[in-house]
Amino acid sequence: MNENSVPVVSARKLGLTFETNDGPVHALSNVDLEVKRGDFVSFIGPSGCGKTTFLRVIADLERATAGEITVNGMTPEDARKSRSYGYVFQAPALYPWRTIEKNIALPLEIMGHSKAERQARIARTLDLVNLSGFGKKYPWQLSGGMQQRASIARALAFDADLLLMDEPFGALDEIVRDHLNEQLLKLWARTQKTICFVTHSIPEAVYLSTRIVVMSPRPGRVTDIIESTLPRERPLDIRETPEFLAIAHRVREGLRAGHSYEE
Amino acid sequence: MQKERLILDRTLPVLAIVLIILAAWYVGAFFMNAPFQRDLDRRANVTSTPMEFLQKTMAQPKPVLPAPHQVMQNLFENTVLRSLSSNRSLIYHSWVTLSSTLAGFAAGTLLGMLIAIGIVHVKVLDRSLMPWIIASQMVPILAVAPMVIVVLGAINITGLIPKAFISTYLSFFPVAVGMVKGLRSPELLQLDLMRTYNATAAQTFWKLRLPASIPFLFTSMKVAIAASLVGAIVGELPTGAVAGLGSKLLAGSYYSQTIDMWAALIAGSLLAAVLVTLVDILGRIVGRSMGGRPA
């Protein structure tokens, strides 16, 4: 149980300032956050609040300029080098010259898995995202939702415990999004992963998360952290319960409070 | 159905243009050759009917502008009827030009790819090499070609290699520029993805940059192979080369063998069309095998 006590992500007084021609931009300021093993944490806020930037700092795609952050007890750089996380981007970012199978094989090839091992993992992850039978297709032959599922399979293939998802369903229509949200929860329950999920949709955040981090812009900061009281087992119609609506209300209040109406 | 549409959409417009060109060519041939023919007739004291006169302008041995059928006849005689070993065989001359074109194209493509890989991966090369590469193409090749041939000839390098060198000089440039663009074409997300896997620069190159650059490579190779052919012909022009389409053009202009010149010109154009088409077909095959959406 000792391993479980180490937070997956731990940020203290984290800040990130971009130097631009128009002067410094404070993308993140004084962010304190702990993500525990098995959590499903959503980051929600208006654009420019630093939610994507925070995810990219965890992934070592950006460097913090102030404060401290550890990922699995290591620096983000060491965590990236030990391949501790799978990252799902806003767009599927599948390589068009590779079949779905080969796209999932990409991280496995880079990490040096044997061919037999690759086959087994491809079959398993395709099954996890309900894409069995589509392995031989090229990305353009699949719908947007299926492409995004393939990119999730690719992030799951190498068994990282942490899944970082940056508005993965932002470009999809609401019906597909509902369906994928439901599938994502099932996947989370089956794989026991820790998920950090960036979104700008309140229902999506409330439906998926065990914790919701509400952020606000200029400077990007955390204004509220809400522990969800919903059970882990969540059918889609839980979204009409008073409990759900109460959490959604609190998120909305948090967003409103943090929002500056200067413009 | 498919076939009918192909004829209507593709063949018909091309055919129409060919007919227009042929018509203009015949009209041009008449007016260009008429003064000389009139002169001939006057000296020989012949009066010909307009029809006879028209025919004579299309049948001169050294016309100012040969008529299309004269060129075609010459082309036919010097390809199909002539033995391959004959000095007059256009197939023989085409082969001489083709061999140095292909050698130069292969070397140029390889060189262009290596330069592009260097430019994309080494910042210093990006800054230092690119201006020189662009400057290299500002040099008029017609002025450089004789120097190259003479200088290499002085150290006893003659024949194919100097010509191929000029082809290389012309063909590396489009490949280098296109390949740099192609190697830099991956989106930020695709590159970030490689970073999250902690991929090495070599892995990023082989698994992302190189496959992404392939369509760009084939587009530039089409330009490069045509440039290679021009390079090989230009390499044959100034040096009194004994064989090759360039030498045919030069000999034709020395002896006013206009029909020979035009036939060599047409042979060169056909060669270029065939080469570009072959590269295009190769590009399509490779594109299809890389999961390209059928057009």
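Val213(A) in β8(A) is the bridge partner of Phe43(A). The model is predicted, with local features requiring pLDDT of at least 70 and side-chain atom pairs pLDDT 80 or more, whereas totals for chains, interfaces and linings use all residues. Residues are numbered from 1 along each chain as its sequence is written, and chains are lettered from A and ligands numbered from 1 in the order of writing.

Strands (E, at least two residues) and helices (H or I, at least four) are DSSP runs numbered from the N terminus; two strands pair if DSSP finds at least two bridges between them. Strand β3 (residues 40-44) of chain A pairs with β8(A) in the parallel sense over 4 bridges. With strand β9 (residues 221-227) of chain A, β8(A) pairs in the antiparallel sense over 6 bridges, and Ile225(A) of β9(A) stands opposite Val213(A). The hairpin of β8(A) and β9(A) has 4 residues between the strands, and Arg218(A) takes a positive phi near 50 degrees there. Because 5 of the 6 residues of β8(A) (residues 211-216) are buried, this strand is largely enclosed by the rest of the structure; buried denotes 20 or more other C-beta atoms within 10 Å of the residue's own, with C-beta atoms placed from the backbone.

The contact takes 19 residues from chain A and 16 residues from chain B, where residues are in contact if their C-beta atoms, placed from the backbone, lie within 7 Å. On the side of chain B that touches chain A, α8 (188-196) and α9 (201-236) of chain B each supply at least two residues. The largest share of that side, 6 residues, comes from α8(B).

Methods:
Contact = placed C-beta atoms within 7 Å. Buried ≥ 20, exposed ≤ 12 C-beta atoms within 10 Å, placed from the backbone.
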